[in-house]
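Me: I would like to go through the contact between two chains, one question at a time. Here is the model.

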There are 2 protein chains.
Amino acid sequence: MKKGNRYGTHRVIEPIGALPQPAVKISNDMEIYNNEILIDVDYLNIDSASFTQLEQEANGNIEKIKKRILEIVNKRGKMQNPITGSGGMLIGKIEQIGEDLRDKIDLKVGDKVASLVSLSLTPLRIDKILNVFPEIDRVDIEGKAILFESGIYAKIPEDMEDTLALAILDVAGAPAQIKKLVKSGNSVLILGATGKSGLMCSYMAKKMIGKMGKVIGQARNKERANYLKSTNLCHEVIIADVLKPINVLEETLKANEDKEVDISINCLSIPNTEMSSILPVRDGGIVYFFSMATSFTKAALGAEGVGKDVTMIIGNGYTKGHAQIALDVLRESQTLRKIFEEKYIK
Amino acid sequence: MKKGNRYGTHRVIEPIGALPQPAVKISNDMEIYNNEILIDVDYLNIDSASFTQLEQEANGNIEKIKKRILEIVNKRGKMQNPITGSGGMLIGKIEQIGEDLRDKIDLKVGDKVASLVSLSLTPLRIDKILNVFPEIDRVDIEGKAILFESGIYAKIPEDMEDTLALAILDVAGAPAQIKKLVKSGNSVLILGATGKSGLMCSYMAKKMIGKMGKVIGQARNKERANYLKSTNLCHEVIIADVLKPINVLEETLKANEDKEVDISINCLSIPNTEMSSILPVRDGGIVYFFSMATSFTKAALGAEGVGKDVTMIIGNGYTKGHAQIALDVLRESQTLRKIFEEKYIK
């Protein structure tokens with residue numbers, strides 16, 4: 001065994017010198033380096049934007065989705081959707097730990113872990129796809145994966161089903177970033193509030209703003225709006241079409257005493273929603289994009305085009321303590337725990 | 001004349017309900033609405049990422065570049081590069097002001113202005129392309145353009161040549177954002193420090209950090225590095241390949257007493273440089289992307305992939321007072337004024 005690069009550049013096949021994430025092809029040879037960890041994979045949890053794209057391309061046909069996933073992984077050595085650029089995460093058991101890491105980390109062979117780095121940079125070999133669950137973006141497989149020295153992970157907690165923990169950890173960055181971002185008294189608009197990260201962000205935003213602020217959750221139709229109201233995670237619920245920024249702006253103003261909000265948080269997974277995030281925010285406010293379908297140029301030029309002096313942030317899936325923060329949200333909120341248990345425990 | 005929407009949605013042909021920037025096609029009919037301004041255009045200043053793409057596609061052939069620009073504008077009603085999504089800006093004379101705006105703005109017919117909103121959302125009709133200057137991304141035309149009510153603009157100052165002012169206003173957001181962002185004592189890495197916005201950002205960063213901080217400018221080769229050193233706009237100059245993040249990281253550490261920097265600023269105009277911006281920044285630091293070639297997913301997943309707890313910001317071309325701040329930089333710095341006069345006054 002030899003020592004690999006901390007960031008995994010030793011496995012990049014094309015282009016040489018690149019990091020594994022932007023690389024077109026990486027090695028999924030499962031003989032590990034001294035500072036790598038080998039995982040026997042149970043499930044993949046495909047990124048929502050990626051899974052939606054795969055599903056549309058295959059017209060919802062499961063066999064075609066399976067075939068496409070295998071094609072991608074065989075070609076690139078990792079499960080990175082070539083259209084969306086995004087990945088997802090995995091859950092599995094530690095099979096082998098490189099000798100340089102053995103005494104440095106809190107893992108032992110047999111531990112059940114979730115990888116907290118994206119599949120878009122994780123060496124992966126799929127031997128067989130066992131099952132696809134489109135309603136939860138989950139793919140059960142037989143296969144192996146590699147974690148680099150810089151790779152982050154979380155042990156699956158004892159007090160939760162593993163599929164539940166995985167679903168939460170997949171969006172762990174979102175509530176953790178909101179915890180840092182949202183201040184007491186803020187008005188906060190959450191686009192896509194009825195989705196997984198939207199619900200978690202709504203909970204955290206409401207917790208952080210205290211008594212004086214307001215959380216406004218957006219839903220796409222009356223049914224979803226009623227559902228969101230029933231959770232009591234937002235102060236106000238609006239129905240608006242996120243592809244129509246003027247519609248989102250008008251509904252937000254109605255729900256916020258005719259004022260623009262301090263912060264908007266985009267938790268959607270569809271393209272062309274940049275302006276719906278930007279228009280409702282006051283000058284000097286913050287726009288946080290978690291959606292992997294966000295276009296950098298559409299956001300940058302869009303804000304300039306309407307003369308909006310806002311700070312736009314690229315959602316970072318990692319921040320210190322994010323796994324713990326996200327799991328604690330579920331421990332604190334019976335409402336969320338119930339919703340997620342119903343959705344993710346099969 | 002009738003009143004149009006403040007943001008210009010009344011001119012969107014496809015898809016209906018969209019804003020002009022993300023729209024595929026807008027109306028470039030030059031009969032103005034009550035709250036629009038008609039401009040008789042002299043020049044376009046094409047966004048650097050867009051111009052580079054057009055030049056590569058045409059193998060540097062000027063006639064092919066002209067033909068492609070006409071094709072794009074005829075098809076979309078605006079000069080928005082379909083590959084990069086970006087636009088640029090224009091300079092021209094006020095030809096007509098809609099009656100609703102006449103008493104509200106500080107413009108009169110005949111004033112020479114630069115539009116400070118992107119060409120990617122500005123209705124434009126080109127009657128003839130007179131000349132293309134590839135070294136400064138400038139296209140001289142006969143044609144007309146429309147400014148919406150929300151559109152921002154700057155009168156061309158008396159103490160500068162108009163081509164010089166345009167070149168500065170095109171990147172006005174960059175030094176203005178740096179002024180807000182950089183604090184006393186910060187260490188700042190500027191990628192693409194030898195370019196137009198890179199030089200302006202270097203000047204502003206050095207001004208803001210005071211005596212204790214450090215500005216490190218990146219250049220791609222020895223010749224550019226020597227040039228950058230001669231300007232004295234940075235404290236340290238490094239030579240590094242921005243497509244090799246590990247190389248950028250190592251050179252930055254060498255120039256910063258083996259410490260990661262507080263802030264990195266990406267002023268490049270080539271793709272795949274996200275990780276070169278992220279890796280050299282300390283946990284808790286800030287990564288600011290001005291490059292229109294930035295990929296949202298590559299940045300978001302890249303930071304997560306290497307476990308970097310950084311705040312990543314999408315460069316906003318607009319912030320309050322940005323035109324004044326940028327023009328003042330040139331009035332303050334004889335060095336910059338000389339560089340830009342040599343480059344942009346023909």
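Me: Which residue of chain A forms a salt bridge with Lys320(B)?

Reply: The model is predicted. A salt bridge here needs a side-chain nitrogen of Lys or Arg within 4 Å of a carboxyl oxygen of Asp or Glu. For Lys320(B) the closest N and O atoms of the pair are 3.5 Å apart. The partner is Asp283(A).

Me: How many salt bridges does the rule find across the interface of chain B and chain A?

Reply: The pair Lys320(B) and Asp283(A) forms a salt bridge. Across the interface of the two chains the rule finds 4.

Me: Which element gives the largest share of the side of chain B that touches chain A?

Reply: The elements of chain B that give two or more residues to this side are helix H7 (245-255), strand S13 (281-289), helix H9 (296-305) and strand S14 (311-314). The largest share is 10 residues, and the element that supplies them is H9(B).

Me: What area do chain B and chain A bury between them?

Reply: In terms of residues, 55 of chain B are in contact with 55 of chain A. Carbon and sulfur atoms carry 66% of the buried area, and the total is about 4,600 Å².

Me: Which residue stands opposite Ile314(A)?

Reply: Strand S14 (residues 311-314) of chain A pairs with S14(B) in the antiparallel sense, over 3 bridges. The residue opposite Ile314(A) lies in S14(B) and is Met312(B).

Methods
Residues numbered from 1 in each chain as written. Chains lettered and ligands numbered in written order. Predicted model: local features only at pLDDT ≥ 70, side-chain atom pairs only at ≥ 80, totals over all residues. Heavy atoms only, no water. Contact = heavy atoms within 4.5 Å. Buried area = accessible area lost by both parts, 1.4 Å probe. Helix = DSSP H or I, 4+ residues; strand = E, 2+ residues; numbered from the N terminus. Pairing = 2+ DSSP bridges.
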